[in-house]
Amino acid sequence: MAVVTPRIFVSHLSGIAVFDPNGDQVGRLRDLVALLRVGDRPPRLLGLVVEVISRRRIFVPMTRVTGVESGQIVTTGVVNMRRFEQRASETLVFGELLDRRVRLVETGEEVTVLDIGITQLPARRDWEIDKVFVRRGKGGALRRKGETLTVEWSAVTGFSLEEHGQGAENLLATFEQLRPADLAGVLHHLTPKRRAEVAAALDDDRLADVMEELPEDDQVEIIGKLKDERAADVLEAMDPDDAADLLSELPEEEKERLLTLMRPEEAADVRRLMSYEERTAGGLMTTEPIVLRPDATVADALARVRDPDLSPALAAQVYVCRPPDETPTGKYLGLVHFQRLLRDPPFTLVSFIVDTDLPALPPDTPLPEVTSYLAAYNMVAAPVVDEGGALLGAVTVDDVLDHLLPDDWREAGLHGRTPTGDDAAGPHGKTADGH
């Protein structure tokens with residue numbers, strides 16, 4: 001009786017959990033590493049790129065994969081925790097094969113790769129790519145109705161050529177459920193060309209969220225490849241403090257050009273933030289906290305807190321001020337914690353429950369004092385008020401942590417660090433499997 005080997009399409013594997021033999025989760029699958037071969041021979045899968053808890057990306061050889069089923073991958077043996085580094089001869093399946101334009105050998109017709117089928121060879125632990133799911137016609141968001149078909153790997157050609165103008169919709173579809181920080185990790189590990197293509201395919205709000213989680217070098221690279229009008233739109237969608245930090249890394253001429261293209265009110269907030277020293281309350285704050293007038297009710301406050309676009313730190317409390325409601329506001333009266341909002345009836349005026357005892361921070365408060373303030377009062381955000389008593393913004397704990405951690409902490413989190421004393425691998429972090 002012939003042995004039937006299961007086939008799996010890689011779109012179903014994106015982000016699934018990877019477990020060790022004891023049933024403990026190692027991490028989540030972020031890509032597969034393939035070796036393209038001469039002629040029409042199917043590529044061999046070398047291994048998995050797995051993102052572990054610390055956001056380090058490691059390599060797990062396919063020879064250590066014992067099962068791919070029920071939405072999980074099971075491995076055997078000791079996992080090498082050194083970070084994965086792609087070699088010139090290796091190809092990332094998600095990052096480099098999906099959305100590629102190739103041609104059908106029989107007709108020469110151009111098609112777009114939507115998915116890749118992999119299978120395990122009988123009686124072996126080796127895996128290879130054997131099927132390609134493609135769509136006829138040119139790719140792109142406006143042309144999705146072309147006929148689709150599944151063909152043998154040998155039935156298409158063009159994978160070995162450098163792709164120009166490669167799309168990104170199918171790659172993004174495999175990662176659409178990722179948090180911005182995790183999608184930032186995906187972008188960081190792509191080539192600059194592929195990173196620019198994926199950034200171009202994201203909508204402004206999604207790209208803005210991801211940009212806030214990227215290292216500064218990646219931010220500058222991406223913003224520099226966007227058209228000026230779109231770059232300005234993305235900056236407007238970013239939190240003002242993050243936009244100010246990014247703009248401060250750009251040459252003066254480029255910075256002014258983008259600020260001029262931004263909406264005047266958005267640009268004004270960013271310019272105001274850039275006027276403060278970086279490691280002060282004014283330089284750390286966001287200009288968009290929840291501001292309510294004294295006659296607002298608890299129901300009004302809870303409705304504002306429910307905004308899904310707010311970070312947990314900003315949603316933790318509301319700030320009660322005289323008009324105007326936009327920062328800089330009228331006189332700052334105090335704040336109301338989220339827990340207090342939950343304890344009082346919806347019709348209660350926030351002016352009746354406002355905390356007026358908690359001091360506010362001047363904008364020139366240095367970072368160590370801001371840190372001490374949050375720790376002393378068990379706060380996740382702090383009001384920043386000017387000499388005239390107007391609320392300028394709020395400093396959140398995540399922005400404080402950004403400046404307390406080493407300058408390259410995002411880079412370390414995305415690249416991964418070699419643990420001290422990890423000498424289990426050979427030179428350059430390679431195992432017997434070559435990584």
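Where is the place of Asp 99? Asp 99 is in the loop between helix 1 (93–97) and strand 9 (101–104); point 3 returns to this residue.

1. Basis of the note. The model is predicted, with local features requiring pLDDT of at least 70 and side-chain atom pairs counted only at pLDDT 80 or more, while totals for chains, interfaces and linings use all residues. Residues are numbered from 1 along each chain as its sequence is written, and side-chain values use heavy atoms, with hydrogens and water left out.

2. Overall content. The chain has 17 helices and 18 strands, taken as DSSP runs numbered from the N terminus (helices: H or I, at least four residues; strands: E, at least two). Of its 435 residues, 50% are buried; buried means under 20% relative accessible area, exposed over 50%, and partly exposed in between (1.4 Å probe, protein chains only). Among contacts with a separation of 6 or more, 60% join residues 24 or more positions apart, a contact being heavy atoms within 4.5 Å.

3. Most residues other than glycine have a negative phi, and most peptide bonds are trans. Asp 99 has a phi near 75 degrees, a positive value in a residue other than glycine. Its relative accessible area is 3%, so Asp 99 is buried. Asn 378 is not a glycine either, and its phi is positive at about 55 degrees. Asn 378 sits in the loop between helix 15 (367–376) and strand 17 (381–385), and with 70% relative accessibility it counts as exposed.

4. Leu 97. This residue lies in helix 1 and counts as buried at 1% relative accessibility. Leu 97 and Val 132 are 35 residues apart in sequence, with 10.0 Å between their C-alpha atoms.

5. Two strands are taken to pair if DSSP finds at least two bridges between them. Strands of a sheet pair through backbone hydrogen bonds, either parallel or antiparallel. Strand 15 (residues 317–321) pairs with strand 16 in the antiparallel sense over five bridges, and Cys 321 stands opposite Tyr 332 in strand 16.

6. Two cis peptide bonds. The bond from Pro 323 to Pro 324 is cis, with omega near 5 degrees, and the bond from Thr 327 to Pro 328 is cis with omega near -5 degrees. Pro 324 lies in the loop between strand 15 and strand 16, and Pro 328 lies in the loop between strand 15 and strand 16. Pro 324 is partly exposed, with a relative accessible area of 46%. Leaving aside neighbours within four places in sequence, Pro 324 is in contact with Thr 329 and Gly 330. Pro 324 and Leu 292 are 32 residues apart in sequence and 9.7 Å apart in space, C-alpha to C-alpha.

7. The largest pocket. Its space comes to about 1,700 Å³. Of the 49 lining residues, the closest to the centre are Glu 212, Asp 239, Asp 309, Leu 310 and Ser 311. On a 1 Å grid over the protein atoms alone, a pocket is an open set of points where a 1.4 Å probe fits, with protein on both sides within 12 Å along at least five of seven lines; lining residues have an atom within 4 Å of a point. Grid points are joined across faces, edges and corners, and the volume is the space filled by probe spheres set on the points.

8. Pocket lining. The lining divides into 19 nonpolar, five polar and 25 charged residues. Here Ala, Val, Leu, Ile, Met, Phe, Trp, Tyr, Cys and Pro count as nonpolar, Asp, Glu, Lys and Arg as charged, and the others, Gly among them, as polar. Helices that each supply at least two lining residues include helix 3 (180–188), helix 7 (228–237), helix 8 (240–247) and helix 16 (397–404).

9. Helix 8. Seven of its eight residues are buried, so helix 8 is largely enclosed by the rest of the structure. The buried residues include Pro 240, Asp 241 and Asp 242.

10. Aromatic pairs. The count is three aromatic pairs, for rings of Phe, Tyr and Trp (its six-membered ring) with centres within 6.5 Å; planes under 30 degrees apart count as stacked, over 60 as edge-to-face and the rest as tilted. Trp 153 and Phe 159 form a stacked pair, 4.3 Å centre to centre with 15 degrees between the planes. Trp 153 counts as buried at 8% relative accessibility, and Phe 159 counts as buried at 6%.
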